[in-house]
Amino acid sequence: MIQPVSASTASLVLPPPGQSSVAEVAGAAGPIEVALSMPAEAPRGAMLVAHPHPLFGGTMDNKVVQTLARAAVRNGYVAVRFNFRGVGGSGGVHDDGRGETDDAVQLAEQLSALLPALPLVLAGFSFGGFVLLRAAARLPTADVLTVAPPLSKYVRLPPPPRPSGRWWVIHGTADEVVSFAETRAKLLDYTPAPKLIEVPDVGHFFHGQLARIHQVVDAFLAD
């Protein structure tokens, strides 16, 4: 059951077990629109999920983003998706990843405060992966799962530092947006390099292959 959009609140409010809600949380640039989904059982952890580049149509309703969130809930994790600045009900304007990182850190800290002592995972698709890698530098206990993260193309900021926690990367070898070869080469600059899951013959948006993402999330949360 999805609850309707509520009035803006100062921080995240989790819906009842087994339910989902959409709300607006007060942020530095105005409201941040969030979608929260709760597992039916007691949560095992929390996952914050970020969407692709907003200047190219990315929103929290992107199918890869929704797949990450559904897989998290299926594994007993609370899933929180959110719209970047200027998208949907979120205020502000696109900030090339700077303000978006601030918003992600704010939501992650609120999520951790609601679920203390439980694991926190940052999961981002494309530009959302880049943003959450930047956020991970300020969230040292978080693990990171990125899908086709652009580490140079489409971003104006330098590559983020390596997260201190676990970091897995899912990337289709036929990606027509973010080059698989370029990503693989960039990942070798990190020590230690993250775990790279190559998905043969799959493009950027994982058309017809979303089950592969489910499988990786299952393995990541069970690891």
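The protein chain exposes about 9,200 Å², of which carbon and sulfur atoms supply 55%; accessible areas come from the Shrake-Rupley method with a 1.4 Å probe, and for residues only the protein chains shown count as cover. The model is a predicted one, in which local features need pLDDT of at least 70 and side-chain atom pairs count only at pLDDT 80 or more, while totals for chains, interfaces and linings use all residues. Residues are numbered from 1 along each chain as its sequence is written, and side-chain values use heavy atoms, with hydrogens and water left out.

The protein chain contains five helices and nine strands, where helices (H or I, at least four residues) and strands (E, at least two) are DSSP runs numbered from the N terminus. In sequence order these elements follow the pattern β-β-β-β-α-β-α-β-α-β-β-α-β-α. The C-alpha trace spans about 45 × 35 × 35 Å along its principal axes. The radius of gyration of the protein chain is 16 Å, which agrees with the value near 17 Å that a compact globule of 223 residues would have; this radius is taken over C-alpha atoms, and the globule rule is 2.2 Å times the number of residues to the power 0.38. Of the 223 residues, 53% count as buried, a term that means under 20% relative accessible area, whereas exposed means over 50% and partly exposed lies in between (1.4 Å probe, protein chains only). Among the contacts with a separation of 6 or more, 63% are accounted for by residues 24 or more positions apart, contact meaning heavy atoms within 4.5 Å.

Strand β4 (residues 45-50) is largely enclosed by the rest of the structure, because six of its six residues are buried. Gly45, Met47 and Val49 point one way from β4, while Ala46, Leu48 and Ala50 point the other way. Strand β4 pairs in the parallel sense with strand β5 (residues 77-82) over five bridges, two strands being counted as paired if DSSP finds at least two bridges between them. Within this pairing, leucine 48 has valine 80 of β5 as its bridge partner. Five bridges also join β4 to β6, and these two strands run parallel, with alanine 46 standing opposite leucine 120 in β6.

Strand β6 is likewise largely enclosed by the rest of the structure, as six of its six residues are buried. From β6, Leu120, Leu122 and Gly124 point one way and Val121, Ala123 and Phe125 the other. Strands β6 and β7 pair in the parallel sense over five bridges, and phenylalanine 125 stands opposite valine 147 in β7. Valine 147 counts as buried, at 0% relative accessibility. Residues up to four places away in sequence being set aside, valine 147 touches Val64, Leu68, Gly124, Phe125, Ser126, Ile170 and Phe206. Helix α3 (residues 127-136) is mostly covered, with nine of its 10 residues buried, including Phe127, Phe130 and Leu133. The buried residues of α3 pack against β4, α2 (98-114), β6 (120-125), β7 (143-147) and β8 (167-172).

Several backbone positions in loops were also examined. Most residues other than glycine have a negative phi, and most peptide bonds are trans. Alanine 117, in the loop between α2 and β6, has a positive phi of about 75 degrees although it is not a glycine, and this residue is exposed, with a relative accessible area of 85%. Alanine 148, in the loop between β7 and β8, also has a positive phi, of about 50 degrees, but alanine 148 is buried, with a relative accessible area of 0%. The peptide bond from threonine 191 to proline 192 is cis, with omega near -10 degrees, and proline 192 lies in the loop between α4 (180-187) and β9 (195-199). Arginine 162, found in the loop between β7 and β8, is partly exposed, with a relative accessible area of 23%. Leaving aside neighbours within four places in sequence, arginine 162 is in contact with Trp167, Tyr190, Thr191, Pro192, Ala193 and Pro194.
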